[in-house]
Amino acid sequence: MASNKNLLMLPGDGIGPEVCGEVRKVLDWMDKRRAVTFDVKEDLVGGAAYDAHGVSVRDDTVEDAKNADAVLFGAVGGPQYDSLPWDVRPEAGLLRLRKDLDLFANLRPAVTFDALLDASTLKPEVIQGLDIMIVRELTAGVYFGEPRGMQTLPDGTERCIDTQSYTKAEIERVADVAFDLARKRGKKVTSAEKANVMKTGVFWRETVAEVHKKGGYDDIELGNMYADNCAMQLVRNPKQFDVIVCDNLFGDILSDVAAMLTGSLGMLPSASLGAVDETGRRKALYEPVHGSAPDIAGQGMANPFAMLLSFAMCLRYSFDLQEDADLIEQAAQAVLSQGVRTGDIMTPGCEQVSTREMGDRLIAELDKRAA
Ligand code: IPM
Ligand code: MN
């Protein structure tokens, strides 16, 4: 029977295919045990697409991504692709998907699992109970600003330019997402920019304040912070934050910092969302915050949790399957409490398992819970 839930899976490069394989297991499990069936189409992206088609993402794939209810994205990149022409480098495929699907709001939650407190390089009391959400603007800023590239000045000097650029609407819509999310959480938004140095920083700060005032968000506390201070505060006292909203580049950096608070980049999921359309639908792509980790690819060493938890976010945000999302998150908690670990979060006294075994343990926990 055809389902009304269409997923496009783009495993990509490096450890992408391995971690996506574990999501496949959960999809099968949901089909059998929860009677929730997805139609899954799979395609190439990044270096894998380049090897097969000479581009980092095909036009057809972008169309499929637009038509799918959600895209599950693994990771892209690898040293063998480092010298490819700029337009076909693996990352270009991901950036095109974000841009063409207009996925402007990137949600990156950093939540600590009690069982992993020892895996973090920070003191347990600093991170215990941490639950923050970074809302990163994803389709503008220096990632896409024009002009960009090399120039030769009249005197022969070579110069290179990237452009940080934001329209008011681009800031407003991501600020709205941040305030709406904060309302369902700790009711606090910190906006991070460099208003002390950048004109776009001043504009960002003013626009976020305006959205706060005019958008009916009186119940939400808004604070501003310079992005460098925010990075420092994240390491010093991360529990002061609830939702952090920032531009594309600062969000890239701050979310890596936040990831390490939880013990490993291998634990952090993300959701990239578009605007809600007239039918109530919104385009979405779910991906782990970690990259393709070519050094450990193909060895069964990767931590599949960031991908599995990204799938849980997909159930929550794209399909409103809250109960199933909870099940996966609780099963993940349980597996970790049993001392089961992949190499990246291994601590003495725990049991080290492979990517696949980790997926199997999660399924076993799901079985117990959905009895
Ligand atoms: C991320 C990644 C990407 C980014 C790369 C792979 C283009 O680092 O999703 O954080 O810089 O946005
Ligand atoms: Mn990044």
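**Ligand shell, helices and domains of a predicted model**

User: Which residues are around ligand 1?
Analyst: This is a predicted model, in which local features need pLDDT of at least 70, side-chain atom pairs count only at pLDDT 80 or more, and totals for chains, interfaces and linings use all residues. Residues are numbered from 1 along each chain as its sequence is written, while chains are lettered from A and ligands numbered from 1 in the order in which they are written. A residue is near a molecule if its C-beta atom, placed from the backbone, lies within 6 Å of it. Around ligand 1 these residues are E91, L94, D252, V289 and G291.

User: How do the residues of the shell around ligand 1 divide by class?
Analyst: Ala, Val, Leu, Ile, Met, Phe, Trp, Tyr, Cys and Pro count as nonpolar, Asp, Glu, Lys and Arg as charged, and the others, Gly among them, as polar. On that basis the shell holds two nonpolar, one polar and two charged residues.

User: Which domains does the assignment give the protein chain?
Analyst: Domain bounds come from an automatic or database domain assignment. For the protein chain, that assignment gives domain 1 (1–104 + 274–371) and domain 2 (105–266).

User: How many residues of domain 1 are in contact with domain 2?
Analyst: The centres of the two domains, taken over C-alpha atoms, are separated by 23 Å. Two residues are in contact if their C-beta atoms, placed from the backbone, lie within 7 Å. Contacts involve 20 residues of domain 2, and on the side of domain 1 the number is 19.

User: Which helices each supply at least two residues of the side of domain 1 that touches domain 2?
Analyst: By class, this side of domain 1 has nine nonpolar, six polar and four charged residues. Helices (H or I, at least four residues) and strands (E, at least two) are DSSP runs, numbered from the N terminus. The helices that each supply at least two residues are α4 (90–100), α10 and α11.

User: What is the distance between the end C-alpha atoms of α12?
Analyst: The expected span of a helix is 1.5 Å times one less than its number of residues. Helix α12 (residues 355–369) has 15 residues and should span 21 Å. The distance between its end C-alpha atoms agrees, at 21 Å.

User: Within what arc do the buried residues of α12 fall?
Analyst: A residue is buried if 20 or more other C-beta atoms lie within 10 Å of its own, exposed if 12 or fewer, and partly exposed in between, with C-beta atoms placed from the backbone. In α12 the buried residues are T355, M358, G359, L362, E365 and L366. They line one face of the helix, because the arc, taken from the directions from the helix axis to the C-beta atoms, is 120 degrees.

User: Which residues of α7 are exposed on the other side from its buried ones?
Analyst: The buried residues of α7 are T200, G201, W204, T207, V208, V211 and H212. They cover an arc of only 140 degrees around the axis, so they are on the same side of α7. Exposed on the other side are K199, K213 and K214.

User: Is A293 buried or exposed?
Analyst: A293 lies in the loop between β12 (284–286) and α10. Its phi is positive, about 40 degrees, although A293 is not a glycine. Because A293 has 23 C-beta neighbours inside 10 Å, it counts as buried.

User: Is D320 buried or exposed?
Analyst: D320 lies in the loop between α10 and α11, with a positive phi of about 55 degrees although it is not a glycine. Because D320 has 10 C-beta neighbours inside 10 Å, it counts as exposed.
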